[in-house]
Amino acid sequence: NDRDLIDRFYRLDGRNYGAYKSVTGDYDYGPFTLHIDRVQSDPFASPSALRATSTPQALGIPEDLLDFNAKRIAVADFLAREFAQMIKDVPELRIAKCGQEILERSYVQVSKTLVEVRFQCQFPARGRTILGREMARLADVEIPYAVMDSLDFRDDDNAENTALGKNNPRLTALRTHVETYLDYLALQEVLTGNEWVAFVADQSLLARRSGVSDLPLTNAVPFVSPDSLRASVSLPYAGTVQGMAIPAGITLIAGGGYHGKSTLLNALQRAVYAHILGDGRELVATRSQAMKIRAADGRAVTSVDISAFIANLPAGTDTARFSTENASGSTSQAAAIMEALEGGADTLLIDEDTSATNLLIRDARMRSLIKSEPITPFVDRIRALSAQGVSTILVMGGSGDYLDVADLVLLMEDYRCLDATQQAKEVAGLMTRERFDEQEFPAFLQRHPHPLPAPKGKSKTKSRGTEQITLDRHDIDVSDVEQIVDPGQAEAIAWALRGLLDPARPSGFKQGLSLRETVDALDEALNRHGLSALGGPERPAFWVRPRKIDVVAALNRLRALQVAAGNSLVFVK
Ligand code: ADP
Ligand code: MG
C-alpha cells in the first residue's frame, strides 16, 4: 500500500538512479490506487508515467453525470482541468494543459465504473543519486493531495447534501461544465435540423485577448444579432437563447478594415468545438465539418485534382493530378479546397487576409487584359459548390465581386454585425459586372494513398505544439491547419497517420479503399472505442481527439505521401 511505497522511497535515498525502477507497480491509497507504470531510466529521460484510478462511487461523482458518453467526456475534461490546477505549483508533476475547448482527452478516462488520471512525475535526483526523501514527500503528500483535491467530490460535512448536489461548489461547477457541453451539442443538432451552418448567440464575446492568447478580451463589445437574422433556439440547460442563425449557402462578411470581420470568422472556425463556461463562445456553434481554407505557399501537394480551379498551366502540367514540392499561394489554396472536399467538408471558411487574391477574384479589367489565365477564380465556382451542398462563409472587404453571388451579406461596423443583404443587392444592381459563373462543379479524382515504406532505423511518432508532426524522418508542417487547436490533437494525429500509413496495420490504407473511406472508418472506430482506437502505446498519455478532416489535412502535408488516383468522385446532393 501507500506506506510501503513511501518506506521504499526512504530506503532508496542515496542509491543509484536506476534503483528507482524497483518501485514499478500498483499501490493502494484507500480511495484510489496509484499505478507506477513506467519509471524513467535516468533523470534526463522523459518523466515517469503514473496513473491514479478509482471509481465514480468512491469519489462521489453522481451517476446522472455518467449515463452517456458525451457526459463522460465533459466530466473527464473537467477533471483534467482540476488536476492541472492542483499540480501547477509542484514542478515534479505534469499533465497536459487544457485550452478553452471541451474535448475528448486520453489523460482522463471516465466510465460508469472507473475514473483514471494519467500524469507524469519527474523522480527527483542529485546528479544520478536518488533523492528518496523528496520522492517520499511527493508520494506521501503532493500526489495524494492533488488526486483527492481534484477528483474527490464528496462533502464530508454533509453526506445528504452531497447526494443532492447542494452546497458543494465543486460539484456544482462539474455539473455546469457538463451542461455547457450538452448545450453546445444540442446547438449542433439545431444547426443540422434547420440547415444552418452556424449560430452565434446574442451576448457572445468573440474577440480574443491577443493574437497569441485564446482567452476572452476584457471589455469586448458583446455580439448582437441583426433583427432579420435573429432566431430562437431552445437548449436543454440554457433554455431559450436568441442569436444569429447563418443558413446554408453563401455568406459574405464585409466591412471596413479593423471593424471585426476576421474576429467573427475566427470565432466561427473555432466553434466546431465546445468552449468552457466564461469563454464567451459557449453558445457559438459551427458545423463540425466546416474547414478553414487558406493559402500556404511552399507546402507540398500530392496528386490533387485542382482542375476545377487551375487548368492549362504553361508547361502543360496535369492539374488533375497536381503535385509540387513548393506550391504557390493560389495552387496551395486550390489544393486545400479540393482536399477539404475530398475529406468531407460541408462548409468552407475563407478570410481574405490569408488568401491568394488571384484564386478568389479577377476583375473585369484583368479579364480583358489576360487571355491565357489558368485560374478559374473561386467567385465563379462558389454558386455551383453551394448547389452541391457545400456552403461558404467568406470575409471580403476589398472587392465587391462577391456581392451578387452571396445569399447573405453581413456587414461589420464598429464590431456590430448588420444584415446588408438588401443594400448589397442594390449596389450590385447599380454597378453591374459581367458574370462568369460556372454552372456545374466538376467531378474530381479521389485518391488512394499507399502505406509508407517501413523506416530503416527506429520509428519515430512525435508532434511539436500544434505546428509540427514527425513520422520517422518526415516532418509535416501543419501550422496552416488552423483548426488543430490543442497540442494533444497534433499528437493524436501523428499516431493516426502512423496507423493509416503502416503497411502492417489492419486499419491502414489498402488497395481499393479511398482516402475518404479509410478515414471515415477510423472516425467510426474512434466513436466506438475512444482514442485507443488509434493504436500505438498501450496507455497514451496526452492525446486529444482530432477531427477526421484535420487528420486528412495533416496527411496531405506529408511530403513523402504517395497515392494512386482512383475513380471520379461525383458529388451526391
Ligand atoms: P478586420 O478583419 O475587420 O480588419 P479584426 O477582426 O481583425 O478586423 O478586428 C480588429 C481589432 O478589433 C482586433 O484587435 C480585434 O481584437 C478587435 N475586435 C474585434 N471585435 C471586437 C469586439 N467585439 N470588441 C472589442 N474588440 C474587438
Ligand atoms: Mg481581417
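These legends accompany close-up views of a predicted model.

**View 1. The shell around ligand 1.** Let us start with the ligand, which has 15 residues surrounding it. The closest of them are Gly 260, Lys 261, Ser 262, Thr 263 and Tyr 415. Which helix gives the most to this shell? That is helix H7, spanning residues 261–270, which supplies three residues. Sorted by class, the shell around ligand 1 holds eight nonpolar residues, six polar ones and one charged residue.

**View 2. The crossing of helices H13 and H15.** Here you can follow helix H13 (residues 487–501) as it meets helix H15 (residues 548–556): their axes come within 10 Å and cross at roughly 70°. Because angles of 65 to 115 degrees count as roughly perpendicular, H13 is described as roughly perpendicular to H15. The crossing of the two helices is right-handed. On the H13 side, the contact is made by Gln 489, Ile 493, Ala 496, Leu 497 and Leu 500. H15 answers with Asp 550, Val 551, Ala 554 and Leu 555. Taken by class, the residues in this contact of H13 with H15 are seven nonpolar, one polar and one charged.

**View 3. Where domain 1 touches domain 2.** Our last stop is the pair of domains into which the protein chain is divided: domain 1 covers 2–167 and domain 2 covers 446–569. Their centres, taken over C-alpha atoms, are separated by 30 Å. How many residues of each domain are in contact with the other? Domain 1 has 12 residues in contact with 11 residues of domain 2. The side of domain 1 that touches domain 2 is made up of four nonpolar, three polar and five charged residues.

Terms used
Residues numbered from 1 in each chain as written. Chains lettered and ligands numbered in written order. Predicted model: local features only at pLDDT ≥ 70, side-chain atom pairs only at ≥ 80, totals over all residues. Near = placed C-beta within 6 Å. Helix = DSSP H or I, 4+ residues; strand = E, 2+ residues; numbered from the N terminus. Nonpolar A, V, L, I, M, F, W, Y, C, P; charged D, E, K, R; others polar. Axes fitted to C-alpha atoms, helices over the stretch in contact; angles between N-to-C directions. Parallel < 35°, antiparallel > 145°, perpendicular 65-115°, else oblique. Left-handed = near helix turned anticlockwise from the far one by under 90°. Contact = placed C-beta atoms within 7 Å. Domains from an automatic or database assignment.
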